[in-house]
Amino acid sequence: WKALDMRTLAAAIASYARLEVEDPVLMNKLEEVLASHDLTQLNPQGLAALAFAAGSLSICQDVNVQQRLHTATDAVDLARLSTADLARLTWALAKIAPEKPP
């Protein structure tokens, strides 16, 4: 996994999320891999797809994954996203946001 380039890895995670199969061992591994990769290499569409997949699979509990997604979002030109991709990215970022205390 660590040898894969980020674009290939992002596409693989997005494809896995579409299968709607939950394998806790694989999901933990995917979260570990995301926590160790530079997500700023992704284009805006790839980042939106990856963020949506990570949010859908709940593989963004690790603080490092959250920080990497936020850093990558800050680095991309959001104007290049379609409305649907922007909505998916926004949903994912809201889902991974730490919960505020009551």
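What percentage of the 102 residues in the chain do buried residues make up? Buried residues make up 38% of them, where buried means under 20% relative accessible area with a 1.4 Å probe, counting protein chains only. Please keep in mind that this is a predicted model, in which local features need pLDDT of at least 70, side-chain atom pairs count only at pLDDT 80 or more, and totals for chains, interfaces and linings use all residues. Residues are numbered from 1 along each chain as its sequence is written, and side-chain values use heavy atoms, leaving out hydrogens and water.

**Overall fold**
- The chain has five helices and zero strands, where helices are DSSP runs of H or I with at least four residues and strands are runs of E with at least two.
- The radius of gyration of the chain is 13 Å, close to the 13 Å that the globule rule gives for 102 residues, so the chain is as compact as a globular protein of that length.
- That radius is taken over C-alpha atoms, and the rule is 2.2 Å times the number of residues to the power 0.38.
- Along its principal axes, the C-alpha trace spans about 40 × 35 × 25 Å.

**Contacts**
- Among contacts between residues at least 6 apart in sequence, 79% join residues at least 24 apart; a contact means heavy atoms within 4.5 Å.

**A look at helix α3**
- Helix α3 covers residues 44-57.
- Its buried residues include P44, L47 and L57.
- The buried residues of α3 pack against α1 (6-19), α2 (24-36), α4 (63-75) and α5 (83-96).

How values were computed:
Buried < 20%, exposed > 50% of the residue type's maximum accessible area, 1.4 Å probe, protein only. Expected span 1.5 Å × (residues − 1).
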